[in-house]
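I opened this model to look up a few helix contacts, some side chains and some backbone angles. My notes are below the display.

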Amino acid sequence: MPLPAQPTLAELHALPDGFFDCHAAQLLRILPGPTLVHLPGRRPQPLFVSALLHGNEDVGLLALQQVLARYRQGGLPRALSFFIGNVSAARAGLRHLDDQPDYNRVWPGTVLAQNAETQLVQQVFKAMRARRPFASIDLHNNTGLNPHYGCVTRTEPAFLHLAALFSHTVVHFGRPPGTQAMAFAELCPAVTCECGKVGSSEGVKRAADFVDACLHLSELPKRSLRAGEIHLFRTVAALHVPPVCTMSFDGSAADLVFVPDLDHCNFRELPAATLLAHAPAGARLLALDDAGCEDPCR
């Protein structure tokens, strides 16, 4: 079966008109689709930033608007390349459209079959590989009660120093495959920044200040971090609800009824037998380890 028509990546060398006043849902008014923008700076090796890989997470766009507004009257301290991803989903206020894969699961290294989106981000990856990025930042919102935290796929000093500039809380992860951070780790130090809930001005400012700080770096330290400089967590498993199960968080009837304050368990050491959910009909969660093996959590 032939592959879907490959979308054309728009590649710009200046900000489009209306960029500073444009909301995520309005991007298709000023952009033809997913767009890679290259801006010059005093240091030529670019910082790379990806935004809106999930259409309902606008922190990356808002942070870029804040940072670039600071330099409207002068040049950037370092070249900046940024990718504005799923603008179609942003218009609909969704993570991704029903006929699309997740834009943060399609990068080189993905286990998904080749499709229009994998071809699209391969264009981004090839373009940035040629430019030899200084560092890579992927900006996201999340849900629930979480600190701002950085995620890395490698624990080499440059990766950890980069993440520590954003937050002292750092997560080292190995799954899922096909993430932007995992792909760009082959090119440069790379971090995914989780910036709190959508609508948080604090999260936007934190992301903007981090991008701005990275634009001013001449290099990332090569020394190992000292004890206490970061709190490093390692993901060992991801819990999945089986597709056949229903679930609820408000106490309504379902196969799995999660406790209402589940997010209060985040980034805490929990005692054995901590209650996560009730399973009235005997449903169970599945744990997926880094090797992709499933083991039932009863």
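**Ground rules**

I am working on a predicted model, where local features need pLDDT of at least 70, side-chain atom pairs count only at pLDDT 80 or more, and totals for chains, interfaces and linings use all residues. I number residues from 1 along each chain as its sequence is written, and side-chain values use heavy atoms, with hydrogens and water left out.

I take helices (H or I, at least four residues) and strands (E, at least two) as DSSP runs numbered from the N terminus.

**Entry 1: H1 against H6**

I started with helix H1 (residues 59–70) and helix H6 (residues 201–216), which pack at about 55° with axes 8 Å apart. That angle makes H1 oblique to H6. I used these cut-offs: under 35 degrees is roughly parallel, over 145 roughly antiparallel, 65 to 115 roughly perpendicular, and the rest oblique. The axes are lines fitted to C-alpha atoms, for helices over the stretch in contact, and angles run from 0 to 180 degrees between N-to-C directions.

I noted the crossing of H1 past H6 as right-handed; this term applies if the near helix is turned clockwise from the far one by less than a right angle, and left-handed if anticlockwise.

I then listed who touches whom, with contact meaning heavy atoms within 4.5 Å. From H1, the residues are Val-59, Leu-62, Ala-63, Gln-66, Val-67 and Arg-70, and they meet Gly-203, Val-204, Lys-205, Ala-207, Ala-208, Asp-209, Val-211, Asp-212 and Leu-215 of H6. The residues of this H1 and H6 contact divide into nine nonpolar, two polar and four charged. Here Ala, Val, Leu, Ile, Met, Phe, Trp, Tyr, Cys and Pro count as nonpolar, Asp, Glu, Lys and Arg as charged, and the others, Gly among them, as polar.

**Entry 2: Arg-70**

I followed Arg-70, which is in helix H1. Which residues does Arg-70 contact, leaving aside neighbours within four places in sequence? I found Ala-208, Asp-209 and Asp-212. The side chains of Arg-70 and Asp-209 are joined by a polar contact of 2.9 Å. I count a polar contact as a pair of N or O atoms within 3.5 Å; within protein, one must be able to donate a hydrogen and the other to accept it, and residues adjacent in sequence count only if both atoms are side-chain atoms.

Arg-70 and Asp-212 are 142 residues apart in sequence, yet 9.2 Å apart C-alpha to C-alpha. I logged Arg-70 as partly exposed because its relative accessible area is 39%. Buried means under 20% relative accessible area, exposed over 50%, and partly exposed in between (1.4 Å probe, protein chains only).

**Entry 3: H4**

I moved to H4, whose axis comes within 9 Å of that of H6, with a crossing at roughly 135°. H4 is therefore oblique to H6. Leu-162, Leu-165 and Phe-166 of H4 make the contact with Arg-206, Ala-207, Phe-210 and Cys-214 of H6. I sorted the residues of this H4 and H6 contact into six nonpolar, no polar and one charged.

The buried residues of H4 are Phe-159, Leu-160, His-161, Leu-162, Ala-163 and Phe-166. Their cover includes S5, S6, S7, strand S8 (190–194), H6 and strand S9 (231–234).

**Entry 4: His-161**

I checked His-161 within helix H4 (residues 157–166). Is His-161 buried or exposed? It counts as buried because its relative accessibility is 8%. A polar atom of the His-161 side chain lies 2.9 Å from the backbone oxygen of Arg-223. Beyond four places in sequence, His-161 touches Pro-221, Arg-223, Ser-224 and Leu-225.

**Entry 5: Asn-141**

I found Asn-141 in the loop between strand S5 (135–140) and strand S6 (149–152). Asn-141 is buried, at 5% relative accessible area. Its side chain has a polar atom 3.2 Å from the backbone nitrogen of Asp-58, and the side chain of Asn-141 also reaches the backbone nitrogen of Val-59 at 3.1 Å.

**Entry 6: backbone**

I noted a cis peptide bond from Arg-175 to Pro-176, with omega near 5°. Pro-176 lies in the loop between strand S7 (169–172) and helix H5 (180–184).

I also noted Phe-267, which is not a glycine but has a positive phi of about 55°. Phe-267 is in the loop between strand S12 (256–258) and strand S13 (277–278).
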